[in-house]
Amino acid sequence: GRHVKLRGTTVHVEQVDWEATRGAVGTLVAERGVTLSAELPGTVREILFESGSSVRRGQALVRFDTSTEQAQLASAAADAALAQLSLERARTLRESESATQADLDAAEARAKQASAAVASLEATIAKKTIRAPFDGRISIRQVELGQVVAPGTPIASLQSVSPIHAEFWLPQQALAELRAGQRARVRTDAFPDAHWDGEITTVNTEVDVATRNVRVRATFPNADGRLRPGMFARVQLVLPASEPVLVIPATAVLHAPYGDSVFVINETKD
């Protein structure tokens with residue numbers, strides 16, 4: 001039933017449940033991030049992705065030249081087939097006791113060696129196709145067609161963008177208020193009119209001895225991919241406790257050197 005004065009008029013004072021929050025600044029971090037690189041030397045023959053595009057797990061991204069390995073594989077496969085025939089012949093001769101056990105053992109060893117050579121070449125060929133290890137967004141490519149690359153040469157960065165994490169630090173006094181599953185909200189200067197709701201997923205198990213701060217990670221959905229790893233972010237944690245408060249417009253407060261005040265109007269019968 002009370003009103004406060006507001007620039008020549010009045011506004012009704014209402015009681016609401018106010019959410020207590022704690023603010024922090026942090027950095028957005030990808031749930032998964034990796035720099036794809038070549039494991040073996042080779043020449044780039046195919047580039048199968050566009051810079052900045054979304055890729056799926058297992059998708060082929062870059063293929064190196066494997067003509068030499070393919071030729072070696074054909075030869076190894078022929079040797080393996082011959083070794084298998086020799087093994088079968090040795091087993092038949094052994095059953096009729098026309099060959100010794102040593103002959104059979106030698107044939108089995110040759111067959112295994114030939115099969116291993118085939119498997120080794122197939123693994124080498126497979127490693128010369130770079131595939132996406134998980135779903136994500138790929139960065140600007142760092143190799144070109146025909147380029148000869150050495151082991152470890154960066155090809156592109158791959159980041160998983162949904163969900164995305166915000167990492168920030170809070171003083172150790174906040175530990176009593178923090179728990180996994182607690183509501184959180186993130187904003188960024190890149191999109192000043194938008195916010196994302198999420199929750200705390202990890203509170204670090206140790207406090208930094210130099211700053212006495214604890215590292216906290218909150219996770220947010222990011223289906224549209226607008227939040228990018230590395231962005232500066234402002235995080236608000238919604239504390240479990242809420243309290244009833246009387247809410248008035250900020251313009252109803254009169255500021256003065258001796259203190260702030262508000263004019264309250266009481267309604268009477270007369």
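The following dialogue examines how terms are applied to a predicted model.

Student: On what basis are residues numbered and features reported here?

Tutor: Residues are numbered from 1 along each chain as its sequence is written, and side-chain values use heavy atoms, with hydrogens and water left out. In this predicted model local features need pLDDT of at least 70 and side-chain atom pairs count only at pLDDT 80 or more, whereas totals for chains, interfaces and linings use all residues.

Student: Why is the contact between R63 and E46 called a salt bridge?

Tutor: A salt bridge is a side-chain nitrogen of Lys or Arg within 4 Å of a carboxyl oxygen of Asp or Glu. For R63 and E46 the N to O distance is 3.6 Å, so the pair meets that definition. R63 lies in strand β6 (residues 60-64) and E46 in strand β4 (residues 42-47), so the bridge ties together parts that are 17 residues apart in sequence. Strands are DSSP runs of E with at least two residues, helices are runs of H or I with at least four, and both are numbered from the N terminus. The structure holds 12 salt bridges.

Student: How do R217 and E167 meet?

Tutor: Their side chains form a salt bridge of 2.3 Å, N to O. R217 belongs to strand β13 (residues 213-220) and E167 to strand β10 (residues 154-171), so parts that are 50 residues apart in sequence are tied together.

Student: Which residue forms a salt bridge with D189, and what makes D189 exposed?

Tutor: The partner of D189 is R234, with the closest N and O atoms 2.5 Å apart. R234 lies in strand β14 and D189 in the loop between β11 (183-187) and β12 (196-207), so the bridge ties together parts that are 45 residues apart in sequence. D189 has 51% relative accessibility and so counts as exposed, while R234, at 36%, counts as partly exposed. Elsewhere, salt bridges that share partners join E167, R215 and R217 into one network.

Student: What makes a group of residues a nonpolar core, and which residues have the most contacts inside the largest one?

Tutor: A nonpolar core is a set of buried Ala, Val, Leu, Ile, Met, Phe, Trp, Tyr and Cys residues joined through side-chain atoms within 4.5 Å. The largest has 22 residues, and those with the most contacts inside it are L28, F168, L170, L178, V186 and L237. Two or more residues come from each of β3 (14-37), β10, β11, β12, β13 and β14. Apart from this core lies another, of 18 residues, among them V44, L61, I138 and V143.

Student: How do you know that F49 is buried, and which residues does F49 contact?

Tutor: F49 has a relative accessible area of 4%, and therefore counts as buried. This residue is found in the loop between β4 and β5 (54-55). Leaving aside neighbours within four places in sequence, F49 is in contact (heavy atoms within 4.5 Å) with L61, V62, I138, S139, R141 and A156. The C-alpha atoms of F49 and I138 are separated by 8.5 Å, although these residues are 89 apart along the chain.

Student: Why are β6 and β7 said to pair, and what sheet do they belong to?

Tutor: Two strands pair if DSSP finds at least two bridges between them. The open sheet has four strands in the order β7-β6-β4-β9, with antiparallel pairing. Its edge strands are β7 (129-131) and β9 (148-149), each pairing on one side only. R63 stands opposite T129 in β7.

Student: What makes the peptide bond between S162 and P163 and the phi of R212 worth noting?

Tutor: Most residues other than glycine have a negative phi, and most peptide bonds are trans. The bond joining S162 and P163 is cis, with omega about 0°, and P163 is found in strand β10. Phi of R212 is near 60°, a positive value in a residue other than glycine. R212 lies in the loop between β12 and β13.

Technical notes. Buried means under 20% relative accessible area, exposed over 50%, partly exposed in between (1.4 Å probe, protein chains only).
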